[in-house]
Amino acid sequence: MMTKKKSVIITGAAGGIGRATALKFAAAGFNLSLVDNNKEGLDKLGLEIKANHQTEPLLVDGDLATMKFLELVVANAAAAWGKIDVLVNNAAWRTVETMRTISMETWEKTMRVCLTAPAFLAKKCAAHMEENGVAGVIINMSSIMASRAPGYSPAYVTAKGGLESLTRELAVTYGRSGIRVLSVSPGFIDTELSSDYVDKQGNDSSQEIARQVIGSTPLSRSGSPEEVASAICWLASEQASFINGTNLLVDGGLKHNFNDYSIKNIQFPEEY
């Protein structure tokens, strides 16, 4: 039975941006279908939402790299809430290495989780939206790395670039049904995915990398998961009702900066 209350599917919901996004949508009164392969983290988030927002989310744990699981996610959400209004393709997986060392297995798993799963979840959710006359919203989580190659994580970079192209394709395909499709590209955000860098000796190099990236960010800091979640929730709202097929940067100005502020300081010490 279709309810008046809107519902959202969020993948990669157990931590970081996904968790913050789940809490934002819960506060906005949505029915939640939360997806992750981290069952412990998912259960903990479910309890928090139930306690603070008096709503019990649907929790679905499993592997997004398998087609059967994608079908299960959509079927369970439709059965639980009667309709699907928003899909947030947030889940990601990657390794930190270069093209010289990456294996075919790693490449293919990254593509399955970061590009193929979002594509087919979007396909299945859009079909449900069309069948039920829902003017829904699909939001794909891209990355600033899609257009600023870091020289590592080649499969991840490629998948995110493909995801932005896919966003435009889906916006054209489903726009006549009233379905909007968008992508969000975070810059350097303080999450677990930005804190797992190590050097060849196995030493943590995340803080040094963070310092370097923040040194090139005009706002001179990293972003928070909550800031990205706010952008996602806004794009899914009626306030963004004529925004379709585009990519929103949430990067503190990083993408458009040519060089580190230490270089600017050499040229113009009185200004930088």
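What follows is a chat about a predicted model and its sheet, helices, cavity, pocket and a few single residues.

Visitor: What kind of model is this, and how are residues numbered?
Guide: This is a predicted model, in which local features need pLDDT of at least 70 and side-chain atom pairs count only at pLDDT 80 or more, while totals for chains, interfaces and linings use all residues. Residues are numbered from 1 along each chain as its sequence is written, and side-chain values use heavy atoms, with hydrogens and water left out.

Visitor: OK, the sheet. What is the order of the strands?
Guide: The open sheet has seven strands in the order β3-β2-β1-β4-β5-β6-β7, and the pairing is parallel. Helices (H or I, at least four residues) and strands (E, at least two) are DSSP runs, numbered from the N terminus. Two strands pair if DSSP finds at least two bridges between them.

Visitor: Which strands are at the edges?
Guide: β3 (58–61) and β7 (247–250), each of which pairs on one side only.

Visitor: And by how much are neighbouring strands turned against each other?
Guide: By 15° on average, direction ignored. Axes here are lines fitted to C-alpha atoms, for helices over the stretch in contact, and angles run from 0 to 180 degrees between N-to-C directions.

Visitor: What holds paired strands together in general?
Guide: Strands of a sheet pair through backbone hydrogen bonds, either parallel or antiparallel.

Visitor: How many bridges join β1 to β2?
Guide: Five, and the two strands run parallel. In that pair, I10 stands opposite L34 in β2.

Visitor: Is β1 buried or exposed?
Guide: Five of the five residues of β1 are buried, so β1 is largely enclosed by the rest of the structure. Buried means under 20% relative accessible area, exposed over 50%, and partly exposed in between (1.4 Å probe, protein chains only). S7, I9 and T11 point one way from β1, V8 and I10 point the other way, and all are buried.

Visitor: Now β6 and β7. How many bridges there?
Guide: Four bridges join β6 (residues 180–186) to β7, and these strands run parallel. P186 stands opposite V250 in β7.

Visitor: Which helix packs there?
Guide: Helix α5 (residues 154–174) packs on the sheet and touches β5 (137–141), β6 and β7. Contact means heavy atoms within 4.5 Å. The direction of α5 makes about 155° with that of β6.

Visitor: What does α3 lie across?
Guide: Helix α3 (residues 67–81) lies across β1 (7–11), β2 (31–36) and β3, and runs at about 170° to β3.

Visitor: Different topic. How many cavities of 30 Å³ or more are there?
Guide: The structure holds one, and the largest cavity has a volume of about 30 Å³. On a 1 Å grid over the protein atoms alone, a cavity is a set of points where a 1.4 Å probe fits but cannot get out, and a pocket is an open set with protein on both sides within 12 Å along at least five of seven lines; lining residues have an atom within 4 Å of a point. Grid points are joined across faces, edges and corners, and a volume is the space filled by probe spheres set on the points.

Visitor: What lines the largest cavity?
Guide: T11, L64, N89, N90, A91, V113, A117, P118 and L121. The largest share, four residues, comes from helix α4 (residues 104–131). By class, the lining has six nonpolar, three polar and no charged residues. Ala, Val, Leu, Ile, Met, Phe, Trp, Tyr, Cys and Pro count as nonpolar, Asp, Glu, Lys and Arg as charged, and the others, Gly among them, as polar.

Visitor: And the second largest pocket, what is its volume?
Guide: About 160 Å³. Its lining has five nonpolar, three polar and four charged residues, including K6, D85, R180 and E238.

Visitor: What about S220?
Guide: The phi of S220 is positive, near 60°, in a residue other than glycine. S220 is in the loop between α6 (206–214) and α7 (225–235), and S220 is exposed at 51% relative accessible area.

Visitor: Last one: H53. Where does H53 lie?
Guide: H53 lies in helix α2 and is partly exposed, with a relative accessible area of 28%. Leaving aside neighbours within four places in sequence, H53 is in contact with L23, A26 and A27.
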